[in-house]
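Subject: A structure for you to explore

Hi there,

Here is the structure I promised to send you. Have a look at it first, and then read on for what turned up in it.

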Amino acid sequence: MASGVTRIPDTSFLMRLGSRLLHHRGLLATFISTFCFASQSILVKLLKDDVPVIELVCLRYSIQGFCTVVYGTWSGMQIRIQSKREAMLLVMRISTGLVAASLFYYAVFNTSVGMVVTITFGAPVFVGIFAWIIIKEPFLWRDILLVVLNLSGIVLITQPPFLSRSESLGTANEFTPVAVIAAVLSMLFTALTFISISLLGRVNCSVSKMVFYYSICGSVFPAIIGLAIQNWVVPPCGKARYFVIVIGILNFMHQFLISYGLTTSKKSYFVSIVNSNQVPVTIILEIFILHEIPNWISLLGVGLVTGSALGVVFREGALIKTQSKNVDQYKDGQIQEDEDENEEIRLQNMPDESSNNGR
């Protein structure tokens, strides 16, 4: 027999889930950006015989800049630079990002892809060190363990030639010391790019403004190089042009999400470690789209990189709990201090009240 009482659905689980996603919104945005970057990497691989690399980079940044203008117009973006410090940080972000990308491409063209990826994705180590020196972020032994776990996974995935004769992420090119130096410098400039974005977030620079200036400069620099080498071609009609447009849109989403992640996350190197999931996500997409099956060592590396990302989520959750506990203790201390002060004032006024009653 029906009781006639309407049962109210329990929304506590959804509220807790929403609260946790809100607390980890920076890492979540970074994780989504890895899918955008991996997807555009697959499309670039499909266009390698149709569009030159320099032209593709220029078109990618141009479309990214157009998307930024459209979004900025809709959201009311202010492109005016507010302070000298913000201008210096924007110049730092643009220069380090462009130099890191250029050195990465040079290293890839002159040595093995596995070695370059292994070196450049060692950036979380230097992000943690630079953040400790420049931003004064703590870099504890637990954080070092997560970085080591992440780097171990990257090494197993890429299987660089100095550890393995085979290579899972590209063809074996001739080893050149200059290319290795370029890869190392690319890693260092990538770490500085992460730090500059974090600092821009501290001066309240909007994410759309960062992406806008980076897109404008990023489209001009490859255009100058392309004109110098005279290698411009019109992309073929059909899927090639659509792929170029999709690559630009995905790159805009990647830049926007990772910039948002760096400006909202608790620590810069947390974002750097989660960003390393670009490699396993790319491998997963290669399995389903390009039907390239990696070996079991690469799959083990995917597990290690994913495990390090989960460790970062737990570390940030612990930091959030610690900070909220400290805030509660501070509030309780303030309340107790106010109560003690009121009690002291009341005790000081007691003699005056008794003398008035005597009169």
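Accessible areas here come from the Shrake-Rupley method with a 1.4 Å probe. By that method, the protein chain has an accessible surface of about 20100 Å², and carbon and sulfur atoms account for 66% of that surface. Please keep in mind that this is a predicted model.

Let's begin with the overall picture. The protein chain has 13 helices and zero strands, so its pattern along the sequence reads α-α-α-α-α-α-α-α-α-α-α-α-α. Of the 359 residues in the protein chain, 42% are buried. Among the contacts with a separation of 6 or more, 89% are between residues 24 or more positions apart.

Now for the aromatic rings. How many aromatic pairs does a search of the whole structure find? The search finds six. One of them joins Tyr 71 and Phe 256: the ring centres are 5.1 Å apart and the planes meet at 75 degrees, so this pair is edge-to-face. Tyr 71 sits in helix α3 (residues 53-75) and Phe 256 in helix α10 (residues 239-264), so the pair ties together parts that are 185 residues apart in sequence.

Are these two residues buried or exposed? Tyr 71 has 29% relative accessibility and counts as partly exposed, while Phe 256 has 19% and counts as buried. The cut-off for buried is under 20%, so Phe 256 falls on the buried side of it at 19%.

Phe 256 has another aromatic partner, Phe 252, and this pair is tilted, with 6.0 Å from centre to centre and 45 degrees between the planes. Phe 252 and Phe 256 are four residues apart in helix α10, which means that about one helical turn separates them. Phe 252 is buried too, with a relative accessible area of 12%. Ring pairs link Phe 252, Phe 256, Tyr 71 and Trp 74 into a cluster.

Together with Tyr 242, Ile 249 and Met 253, Ile 245 forms a nonpolar patch on the surface, and the four have about 380 Å² of accessible area together.

Next come the charged residues. The structure holds one salt bridge. Which residues form it? Glu 86 pairs with Lys 209, and their closest N and O atoms are 3.0 Å apart. Glu 86 belongs to helix α4 (residues 84-110) and Lys 209 to helix α9 (residues 207-229), so this pair ties together parts that are 123 residues apart in sequence. Both Glu 86 and Lys 209 are buried. Another charged residue, Arg 93, lies over the face of Tyr 214, at 3.9 Å from the ring centre.

Finally, take a look at Asn 204, in the loop between α8 (177-202) and α9. Its phi is near 60 degrees, a positive value in a residue other than glycine. Asn 204 has a relative accessible area of 70% and is exposed.

Enjoy finding these places in the structure!

Best wishes

Methods. Residues numbered from 1 in each chain as written. Predicted model: local features only at pLDDT ≥ 70, side-chain atom pairs only at ≥ 80, totals over all residues. Heavy atoms only, no water. Phe/Tyr/Trp six-rings, centres within 6.5 Å; stacked < 30°, edge-to-face > 60°. Helix = DSSP H or I, 4+ residues; strand = E, 2+ residues; numbered from the N terminus. Buried < 20%, exposed > 50% of the residue type's maximum accessible area, 1.4 Å probe, protein only. Lys NZ or Arg CZ within 6 Å of the ring centre and 35° of its normal. Patch = residues over 30% accessible without salt bridge, like charges linked within 9 Å, V, L, I, M, F, W, Y side chains within 5 Å. Salt bridge = Lys/Arg side-chain N within 4 Å of Asp/Glu carboxyl O. Contact = heavy atoms within 4.5 Å.
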